[in-house]
Every structure is written in C-alpha cells, then in structure tokens.
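Here are some notes for a colleague who is meeting this structure for the first time. Please read them with the sequence and the model side by side.

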Amino acid sequence: MTYLFFEKIKNIYLKVKIKFMRKLFISFLLLISCNTSNEYFNNAYCIENINLIDARDGLKKNMTIVISENKILKVEKSSRLVLSKKNKIYDGKGLYMIPGLWDSHIHFAFEEELANSMFNLFIGHGITSVRDTGGELSFVKKWKKESQNNPNHSPRVKIAGPLIDGKFNVYNGNSVYFPPLSVRTASVKETEEMVLDLIKNDVDFLKAYEMLTPEQFEVVIKIAKKNNLRVSGHIPLSMDVISASNLGLNSIEHFRNIEMSSTNKTQELLYERRNILKNKNQILGSTLRTSIHNSQRISSIKNIDTIQLDKVLNVLLENDTWQIPTISMYKGLAYEEYNDDKWKNSFEYLPLKIKKKWNAQILKRKSPVNDDSRVFSEWQKSMTNIMNKKGIKFMAGTDTPIFFQTPGYSLHSELGVMVESGLTTMEAIESATYNPALYFNLQNELGLISEGYIADLLILTENPLEEISNTRKIKAVIKNGNYMNRKSLDSLLYNQSRN
Ligand SMILES: [Zn+2]
C-alpha cells in the first residue's frame, strides 16, 4: 500500500516535470524565433516559400530570398525567417528559382539589323549574360557599353572583339554567309599587334581562328596569359588539338577540328592540311576552309581511333580545356528542325524584316539535307556525353543568330539537346550558370543563389530538374535586382516584332 502510494506520487511528479520541461523548451524555441520574427528589410523585396536550384547546393525547398538593390541580401529557410508584413513580399509557393542564364556563344555583329532587338530577346527569355564570340570591335564594344549603362534591362555582355585569323581569313565579308567578323593577320608581328590592340580596347577574352599558323596561335596565347585573359577558339587547321591544348587554349567552340586529331591518321591529315593551306591558287579563305572540312571532317569521324581519342580527351581534361559544343544548331540543321512549328514560332519575336529574310533563306535550303550533317550532329552529341562523363567542363552556347536561331529562345534548345546527349538536368543548368561565371572569374559574385551575389535570377513555374524544357516556363526575370514579371517580359519579346 505504502509502496503503491509512493509510486503514484513519483509518477505525478514525473508527469509534471515532463510538462514543465516541454513548456520550457517551447518558450526557448519561441525566444529563438522571436529573434528572427517580423524582420523588416528596408529598400528590398522578399520572395517567400520558393524552391531554389543552383550548381552548388542543388535543390533547396521552401526558402525565402531577400533582394536589395542589385544583390541577394539574404537566403534563409522560410520557416526560420518570419517577415514583417511591411516588407514587399512575393509568394513563391510552388515556384522554382535558378540563377540567370548565359548564352556563351553569340554574335551581335552577324545580323547587324537584328542587334538592336537582341537585348530584349535575351532578357525576355531569361538570358541575363552573353559571351560574344566574334564581331567587329567597335560594334561589339558599343553593345558592351550599352549594357554597362543600363544593367537592369540588358544582359551582361562579354566580348572577344573580332576573330583573330590568319592570312586567308574566313569571315572576310565576301558573302552574306561570311560577314566581316574577323581580322586578317598575315604575320606573327601583325597578330601580336592585333592582340595588343584588342587588350587595350578592354576585350574580355580572345578568340583564335582556324587559319592561324602555329606561330601566330602561340603568340595569341602567350600575350593572353600575360594579361590574364582566356583564349577560346577553333583549333587552327595547321595544328592538332593536343598541341593547341598543351599551349594553353582555354576553350574550344563546336568541337571544331577535334575529329581530325582523333583518328589513327592524325599526322598524315595534318601534313595534308598544311599543304593545302599554302593556298597556291590564292582562293578565298572561306572556300579554302570549307574544302578542308569537306575532305577531312566526315572521313575522320568515320575513322575515330579509340586510343587516339582517349589520348586527346585526357589532354583536354588535364589542361582544363572547356567545350562550347553549340549542338542544337547542328542538330537543327541536320534534321531541318527550322521547319518545325516550335522553331518557326520563335520567329514571331523577330523584327518583321528579319522574319521574312529567314523564311526566304529557309525556302532556298536544300532538302533533304546531306547525310553527312547528320553524321556530324550525332558525333557531336556522343562527344558531349563522353567528354562530360570524363569530367571535361561545358558551357552552353548557341551561335545565335546564325542559322535561324532566335536570340534567347535558342539557349533553351541547347540545354535540351545537352540533356538529350547525356548531361543531367543539373549539369545542363550548371553549364549555363555557374560555369560561365567561373570562366570569367566571377564565381564569387555570379552564378549561384547565395548571399552577397548579384541578383540575376529566373523564377520558373515548374521544376527544371525534372524536365529541362521547364527553363522555358519563366514567370519572372530578375536582372541586377530588377524584377520583371511575365507581362513586362512579353512586352519586351513582342515589341521587336512590331518594328
Ligand atoms: Zn560563332
């Protein structure tokens, strides 16, 4: 009896104690949350309950992001940040945010009449930064300056200036297909002077082209290194990939001429090319280049030697030579995708004059397309997969507006073909966000959704990790902190077509 009585008292005591401890714990939690509750951010806006996606942290659900002026001020779990109602708050429930996208291969100078519309087309499609891979210097400088003067409404512009080419330069302005995007340098001295002049003009990187001699190519790389600039390019036809990468070429566009260095006849092909490049008949650079591609490209792809290819890939990996494959353009050409409704619908954003011009050019194209272009496209896709698996880095770029690619629209197509080729959706996003920031040494301020970073961001209605085409489902674009909703994006896109 006495024992039971004491047991009862003990149980009551324990229950009271547990209740008390629980109360104490809840008060403690409240105390913590009080510290962060009702926070007010002056001169800022907040997006609550949104799902964030970036290349460092992957997917983070139900987050609050605070943007002040042009920067991300705070990133916090929504459950831990109670906002004062006085804040300007957007509801992000069910939405996804990714960093603003880059198109890392564009040409403002290819269709000069379209250049005026390109800023709006890029921003309207969520492209907040672009890398111009070749055009007349004063022309591309103008767009860079314009972007710097109006960063809230224009993409960030990085420029190479003109393609640095050799004595028989390819893009020499001799036809509509070869506008004057390049400079001709006929000797090592001329190349050197040109590079120094470009650096004086504040270019952001250099683009080396196919007709350079090895000596000219070497001088480009040497001066670039001294000035901390990256060099991108096509492998000069007078060289092989391994020696160009070993010299210090930082990135390769379109996998150009890699196939010629990946067969068991690489040295013979190189010898043959060097002979042709002497150009005894003094034919045009563009014709000369095309004749070499025609004679060596497809036969090389059909005779890839796995041991030689592996050697090439190991060198690219070891030297950190990045790739900008521009695969959606080649796939579009090979499979005549420019005739598809989806592709054609993107022309509705273009100025009427350009839309008519492109439609007329498409009508004149040969159909069906030569099988070789399909061989090339399939090879590019398989190389994208193999190189990515190996750990070689990628940047998404499209070559817009070349070959009927609507600026902005085409970047989303590129991401699609990258995933189709074997990249994960996250890797594709990384190739258009974090990687280009890293390429330009901006990784500590751009390309992630992180406190202190520049607020270049996209809000999507659906998850792009589940389906990459969801990058097209843009609800809002934030450029340099400036929030543009769907309505303002549409007015940017459709304003062009009224021109
Ligand atoms: Zn290009």
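1. The largest nonpolar core has 108 residues, and those with the most contacts inside it are Phe108, Leu206, Ile258, Leu316, Met387 and Leu415; a nonpolar core is here a set of buried Ala, Val, Leu, Ile, Met, Phe, Trp, Tyr and Cys residues joined through side-chain atoms within 4.5 Å. Helix 2 (residues 112-124) gives this core its largest share, seven residues, where helices (H or I, at least four residues) and strands (E, at least two) are DSSP runs numbered from the N terminus. Another core, of 19 residues, lies apart from it, and includes Ile47, Met63, Ile65 and Tyr453.

2. The model is a predicted one, in which local features need pLDDT of at least 70 and side-chain atom pairs count only at pLDDT 80 or more, whereas totals for chains, interfaces and linings use all residues. Residues are numbered from 1 along each chain as its sequence is written, and side-chain values use heavy atoms, with hydrogens and water left out.

3. Leaving aside neighbours within four places in sequence, Leu415 is in contact (heavy atoms within 4.5 Å) with Leu101, Ala396, Ala428, Ser431, Ala432, Ile468 and Thr471.

4. The zinc ion is coordinated at 2.0 to 2.2 Å by His105 (NE2), His107 (NE2) and Asp399 (OD); donors are N, O and S atoms within 2.8 Å of the metal (3.2 Å for Na, K and Ca), and water is not among the atoms, so sites may look incomplete. His105 belongs to strand 6 (residues 101-106) and Asp399 to the loop between helix 13 and helix 14 (409-421), so that the pair, 294 residues apart, links distant parts of the chain.

5. Buried means under 20% relative accessible area, exposed over 50% and partly exposed in between (1.4 Å probe, protein chains only). His105 counts as buried because its relative accessibility is 1%, and Asp399 counts as buried because its value is 5%.

6. Ser262, found in the loop between strand 13 (251-253) and helix 7 (266-277), is buried, with a relative accessible area of 0%. Apart from neighbours within four places in sequence, Ser262 is in contact with Asn303, Ile304, Asp305, Gln308, Leu309 and Val312.
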